[in-house]
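These are my notebook entries on a structure that I went through chain by chain.

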Amino acid sequence: MALILGFIVLAAIGVAWIVHLDHVVTREFQGRHWSIPARVYAAPLELYVGAQSSANDLEEELRRLHYHPGDPFAGPGVYRRRGGSFDLHARRVRFSDEQREPQLVSISADQNSITRLQSADGAELPVFRLDPPVIGSVFPVHGEDRLVLSPDDVPPLLRSGIKLIEDRRFDEHHGVDAHGIVRALWANLRAGRVVQGGSTLTQQLVKDYFLSDEQSFGRKATEALMALRLEAHFSKEEILVAYLNEVYLGQDGSRAIHGFGLGSEYYFAKPLAELDFSELALLIGLVKGPSYYDPRKHADRARARRNLVVQELEEAHLIDAAAAARAAASPLGLRPPGGSYVPAYLDLVRRHLKRDYAEADLAAAGLAVYTSLDPRAQAAAERALTANLKRLDAAGRVRGAHLEGAVIVAEPNSGDVVAVVGGRDVGTDGFNRALDARRPIGSLVKPAVYLAALETGRYNAATVIEDASIELKLSDGTVWAPQNFEHQIYGRVPMARALAESMNLATVRLGLDIGLPKVAETLRRLGLETPPMLNPSLLLGTVEMTPLEVVQVYTSLANGGYRARLRAVRAVLDEHGRPLKSFKVQIEEAAPPAAVYQLDRMLILVTTRGTGRDAAARLPRGTVVAGKTGTSSDTRDSWFAGFTGSYVSVAWVGYDDNRVTGLTGAIGALPVWADTLARLKSASFEPVPPELVEDRWIGFADGLETSPACSTDAVVVSVPKDTVLPAKPGCGPSSMGTSPSGTMGDKIKEWLKHIVH
Amino acid sequence: MAQTHRSLRAPSLRTLAAALAAAVLLSGCPVPSQRPQPPSTSIPGAQPSEPQPPGPLSPIPPAPPRASPAPRENHLSPATRSLVTQSRTLASRGDLDGASSTLDRALRIEPNNPLLWIELGRLRLAESDARQAEACGRKALSLASGDRATQAQAGRLLSDALRAQRRNQEAIEIERQPFMR
């Protein structure tokens, strides 16, 4: 009786267990939701007639996007180049705002730019985007990364190949394969060790998807039961596709490569559909042991395993003998390791997204994040920083210490951040100086002082101000006696020159006349978020800012007085490609455009006549730029911030432990800044003159109105229309070199000819 | 030395000449007109009707005869023009986000073209974001200096944006500017 009762109880427990497993299997698998980390994309390259991209640039770009030379009519992902003409079979890609189907296009380019764009039917294409490059994923630490395939994405050869190698009776069994178990048992007994596993694909899927890694009989039984329940509820097709998405294929640092979709990208940098037989065979072979057969670490093992798979495929008549021979003879075809990992930029993206998304959603919800990153600008900034730091270290006096640095490049009109370099070790995560190094900005603050002065209407570029010693009693009773950099005193100088040569005494006197609150308020309008201390030393830049904050402030100066909110993320789509959120261009008037224009023209003098004049030698001949050097006390921080017609950028150089560098802004940061922009083929800075101002010639030394014929140091400044300027005796506007009725444009060109050589 | 100087200057002069030639050629090109403009003689104090999404491209009027050449004239390149057309199509279908990101593309190609900022401002009005529309209008106005036709378009955008914020007095001041006549 007790025996029968005990049996009934056991049976009941067994049934309950099966019901429970059944429930787990249906519930979890039904609503199966792969943990898909957010994918992050750089900005796609926009092609149009006139776009600054030579034929070689274009080919380099196509290679970077893993397009291969060949017959473009054979399929997407291939291009053919003849001279400057390209036929391209563009892949199917999703942009933030549309899905593009595969498309044939013809592109012609000369040595400078794109000259023609046509679709396959010969129609002119006004504009065409290349694929947005993937720059990374937001995956959890020790997390799974994958690209999910839909049934249509699975190539037939993968379908039959994986069954052939891993589970020949997949289409017949019901989740557990008795034949397979007996065969494996027999093989293992004969060999005296485990040489074959009897697990079906279904069991492998159950193991990966539902169970832990523990090895026990109980787990094996659970696995088998769950496999049976899974097969009872779901179709073979669903199980196979799930398996192809779940399977583990390799490890990239802390990132686990799951599924054939990501496997294809990780090993070959191509979509699965573009893989050839040998590449597919390599991936199929990897399933057995991704680390043992790791093709990057154990190429011989991987090749042997691949060729075994190829042989089996041939024997099963899935490929013919010729294809098998070709596949077995081909190289592994791995894409080069490393590549474009941009941790500092991804850091900015992550911070931006954290305002709107939970960490868990970023790591698992399969979002697509479209950023403003321009890979070319990023590469230019990385190279400029690493090369210059190396050079400066070699020339430096500090033995054994390594200079650090940071660079940010943005597009001033939209506020798009196009490049972020957070330190000299560009490829690794670490202290992100571009976002987190908060340092005194030195003379980078001066444009705000001069802008505040211009805004009062009491000052213009020609106004003579006093560069003379000054002593101030501070609120704490101490006396502050600022000095010029080399302790000179310049006396009476025009404002344009005081800024160009970064005179401290003149700036302090000017700033005190305008008032510290007014200067602080100007800084705030330009984009500084934390209000600075109203201490007179603010005028010489004791205020501390991160490179990112500096870029925000200078964006307003580069953008005619409009502050464009910095933006790293443009749009976020959900896993189905539906738009979740877009971050629009946001602009706000930060300062009167006419005052900013006058200031910007003075900032051009910095790079032509002042402390930033070394920039010209590093930039393409004739490129007009505006900017400002900055050096904090005892040369602990070396800064340069400025802009061209296309970009605003800031560079910082210093030591992490804040020791003295011996580098001024012009020696340390300026070369980094200029080299970055030189590589970007940046257009000249040529702002549109407002109607309220006009160009006038003044003597750079004395500020008196003159002409180039009259004074060798004549410079053009912009002043409010009809400003009365004291004239140099015997010179003045009537004897100007250009005709008095000359337009502003003529004078600017005349003046540029004069200075840009 | 002087010789070096001249040879270095030459390219910039050639560029200038080319730019002038281009400007002369392009001055005959029609400026793509914007969506139908609201009457500029709107009654002070009257609120504009519900912001409308930008309509389809209106027919391009013939270039008006000009007594003297304007110092500047803004126009759209084929690339930005096609993106503007695409943006308007999307907006007319109610896809304002798509319209906006398409205009973003155009602005990346020609960031200093006031016509694009006017277009963006019109879109912001359609999105009921009058403050951004105002900022776009002001920026367009500052980029359009020397180009009466574009200034007038920017001015109309600006006054619409101000009226949408019930800042009618400021709107009237804009409407009285010489470039609005």
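I count a residue as buried if 20 or more other C-beta atoms lie within 10 Å of its own, as exposed if 12 or fewer do, and as partly exposed in between, with C-beta atoms placed from the backbone. A nonpolar core is then a set of buried Ala, Val, Leu, Ile, Met, Phe, Trp, Tyr and Cys residues joined through C-beta atoms within 7 Å.

This is a predicted model, in which local features need pLDDT of at least 70 and side-chain atom pairs count only at pLDDT 80 or more, while totals for chains, interfaces and linings use all residues. Residues are numbered from 1 along each chain as its sequence is written, and chains are lettered from A and ligands numbered from 1 in the order in which they are written.

**Core of chain A.** I looked up the largest nonpolar core and found 198 residues, of which A:Val369, A:Val407, A:Ile408, A:Ala496, A:Tyr554 and A:Met602 touch the most other members. Helix H21 (residues 593-608) of chain A gives the most to this core, with 10 residues; helices (H or I, at least four residues) and strands (E, at least two) are DSSP runs, numbered from the N terminus. I then listed the contacts of A:Met602 (C-beta atoms, placed from the backbone, within 7 Å), and, leaving aside neighbours within four places in sequence, they are A:Tyr450, A:Ala461, A:Ala496, A:Leu499, A:Ala500 and A:Val717. A second, separate core holds 45 residues, including A:Phe29 and A:Ala227.

**Chain A overall.** I noted 24 helices and 32 strands in chain A, and buried residues make up 47% of its 757 residues. The C-alpha atoms fill a box of roughly 120 × 70 × 50 Å along the principal axes.

**Strand S11.** I checked strand S11 (residues 134-138) of chain A and found 4 of its 5 residues buried, so the strand is largely enclosed by the rest of the structure. Strand S1 (residues 38-41) of chain A pairs with S11(A) in the antiparallel sense over 4 bridges, where pairing requires that DSSP finds at least two bridges between the strands. A:Tyr41 has A:Val134 of S11(A) as its bridge partner.

**Contact between chains.** I recorded 31 residues from chain A and 30 residues from chain B in the contact. On the side of chain A that touches chain B, the largest share, 3 residues, comes from S27(A).

**B:Glu170.** I placed B:Glu170 in helix H7 (residues 168-175) of chain B. B:Glu170 is partly exposed because 15 other C-beta atoms lie within 10 Å.

Methods
Two residues are in contact if their C-beta atoms, placed from the backbone, lie within 7 Å.
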